Amino acid sequence: MDMIPLFHNKHIVLGVCGGIAAYKTADLASKLTQAGALVDCILTESATKFIGPVTFAAVTGRAALTDADLWRTDAHVPHVQLGESADLTIIAPATANTLAKLAHGQADNMLSVVALAARCPIILVPAMDGGMWSNAATQANVETLRQRGFNVCGPAMGRMASGLVGAGRMEEPADILGFARVVLGKRSAFSGQKIVVTAGGTHEAIDPVRFIGNRSSGKQGFAIAQAAIDRGADVTLIVGASALPTPFGVTRINVESAQQMCEAVLAASREADALVMAAAVADFQAASQADQKIKKTKDTVDLEVKLVRTPDILQAVKEQREKTSGPRVTIGFAAETQNLLANATSKLHSKGLDLIIANDVSASDAGFAVDTNRVTLLDAGGGVEPLPIMSKAQVAEHVLNRLAALLK
Ligand SMILES: Cc1cc2nc3c(=O)[nH]c(=O)nc-3n(C[C@H](O)[C@H](O)[C@H](O)COP(=O)(O)O)c2cc1C
């Protein structure tokens, strides 16, 4: 997993309670560490019956704490230090017992003492049998905790260890990480900004079963949406064809054709601070769509499909910006196979963009479907910034750095 700037050197307390899902928390500890965080794990006495502190120490590279550490004499009140210095506390799994303790301010073990001393946001990830979760006492405790500002992640629906199917499963580590990005990001520079991002390719129907599409995977647009969440933005992601999972906290709007994408973009960006058009929108669509599947007969030799222009979304956005407020900043992408910079510069100016990301999609390590990209950023003031090959997540960081400057 790549380092995630949001987590770099962030101090995270990861509390582990005595539930079967505790084994999955080792994966979460590993993911947070790989993302760049400094992770201090605290295991309750019950948690140690399910998984040992050695596992957490090994995956985090830091000492994992148990109740014995509450009574240590070689450090100055370690629980207060931990609680005060943490940027984020996550308790996963959060048992019914620990939720009850926290709701009542009880502090009789290392984890509950640290949670009470904490000044940072706390994420609770409940996991328990369905009956324990739906019990009125647990529900009341969770409600109390929510009202006091605790962030509750899950539980998910599915099969629990008891065999019961329902609500009670711990969210998967990747989803907890996504949730943590939203909570941590809330304190960042884009907090309160509304950003619309488009991603994926469009499908232009020929008949009810066939379409003209393109090779866009949506990876670059999704990376930009995730990076904007990490910086605290309110993100709407308008997606054409893409099988990628929605980043936590993003409002996703699925569309199919260029026409639908145009309508969705105009509506979503009317009040937005910024629009980042990373989708690969078709330039042409079938002049007419057959109502029924086009059949081949034994005499069919060829088939002509007449293509006409699709709506020009960036042009429509430009006109909207001229008439109303529209997005304050508009960023486009130019995916080209030749004359990259000349074509991108012409698009930058003709569409009134603030920034364009020129993307050579003919290279095997850049453009569609791959995880890396090599782009040049061109701005309306004539600035040209070529970037070396890097991951799409890193490209997203560069784009958002430029967006931050443009929004100032
Ligand atoms: C095999 C087993 C599985 C358990 N699984 C859970 C669970 O998933 N969630 C939960 O809230 N309690 C579960 N419990 C009960 C807790 O371990 C028990 O309430 C304990 O006191 C929790 O302590 P802690 O909150 O300090 O970790 C389980 C107990 C056993 C023996």
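Guide: Accessible areas are worked out here by the Shrake-Rupley method with a 1.4 Å probe. By that method, the accessible surface of the protein chain in this predicted model comes to about 18,700 Å². Carbon and sulfur atoms hold 52% of that surface.

Visitor: What makes up the protein chain in terms of helices and strands?

Guide: The protein chain has 14 helices and 21 strands. Its C-alpha trace spans about 80 × 55 × 40 Å along the principal axes. Of the 408 residues in the chain, 51% are buried. Among contacts between residues at least 6 apart in sequence, 67% join residues at least 24 apart.

Visitor: How is the protein chain divided into domains?

Guide: Domain 1 covers residues 5-185 and domain 2 covers residues 194-407; these bounds come from an automatic or database domain assignment. The contact takes eight residues from domain 1 and eight residues from domain 2. Between the C-alpha centres of domain 1 and domain 2 the distance is 39 Å.

Visitor: Which residues are closest to the ligand?

Guide: Gly 18, Thr 44, Thr 95, Ala 96 and Thr 98 are the closest of the 14 residues that surround the ligand. Helix H5 (residues 96-103) gives the largest share of this shell, three residues. By type, the shell holds seven nonpolar residues, seven polar residues and no charged residues.

Visitor: Why is Asn 359 called buried?

Guide: Buried means under 20% relative accessible area. Asn 359 has a relative accessible area of 8%, so this residue is buried. Asn 359 belongs to strand S17 (residues 355-360). Its side chain is joined to that of Asn 373 by a polar contact of 2.7 Å.

Visitor: What makes helix H6 mostly covered?

Guide: Six of the eight residues in helix H6 (residues 110-117) are buried. Those in H6 that are buried are Met 110, Leu 111, Ser 112, Val 113, Val 114 and Ala 115.

Visitor: Why is Asn 9 called partly exposed?

Guide: Partly exposed is the range between the 20% limit for buried and the 50% limit for exposed. Asn 9 has 48% relative accessibility, so Asn 9 counts as partly exposed. Asn 9 is placed in the segment before strand S1 (11-16). Although Asn 9 is not a glycine, its phi is positive, at about 60 degrees.

Visitor: And why is Asn 339 called exposed?

Guide: Exposed means over 50%. The relative accessible area of Asn 339 is 53%, so Asn 339 is exposed. Asn 339 sits in the loop between strand S16 (329-336) and helix H13 (340-350). Phi of Asn 339 is also positive, near 45 degrees, in a residue other than glycine.

Visitor: Is Gln 315 buried, partly exposed or exposed, and what decides it?

Guide: The limit for buried is under 20%, and exposed begins over 50%. At 24% relative accessible area, Gln 315 falls between these limits and is therefore partly exposed. Gln 315 is part of helix H12 (residues 313-323).

Visitor: Which residues is Gln 315 in contact with, leaving aside its neighbours within four places in sequence?

Guide: Gln 315 is in contact with Ser 350 and Lys 351, where contact means heavy atoms within 4.5 Å. Gln 315 and Leu 353 are 38 residues apart in sequence, with 9.9 Å from C-alpha to C-alpha.

Visitor: What is omega for the cis peptide bond that joins Ala 92 and Pro 93?

Guide: Omega is about -5 degrees for the bond between Ala 92 and Pro 93. Pro 93 is a residue of strand S3 (residues 88-94).

Visitor: Where is Pro 155 found?

Guide: Pro 155 is in the loop between strand S5 (151-152) and strand S6 (156-159). The peptide bond that runs from Gly 154 to Pro 155 is cis, and its omega is near 5 degrees.

Key
Residues are numbered from 1 along each chain as its sequence is written. This is a predicted model: local features need pLDDT of at least 70, side-chain atom pairs count only at pLDDT 80 or more; totals for chains, interfaces and linings use all residues. Side-chain values use heavy atoms; hydrogens and water are left out. A residue is near a molecule or strand if one of its heavy atoms lies within 4 Å of it. Helices (H or I, at least four residues) and strands (E, at least two) are DSSP runs, numbered from the N terminus. Ala, Val, Leu, Ile, Met, Phe, Trp, Tyr, Cys and Pro count as nonpolar, Asp, Glu, Lys and Arg as charged, and the others, Gly among them, as polar. Buried means under 20% relative accessible area, exposed over 50%, partly exposed in between (1.4 Å probe, protein chains only). A polar contact is a pair of N or O atoms within 3.5 Å; within protein, one must be able to donate a hydrogen and the other to accept it, and residues adjacent in sequence count only if both atoms are side-chain atoms.
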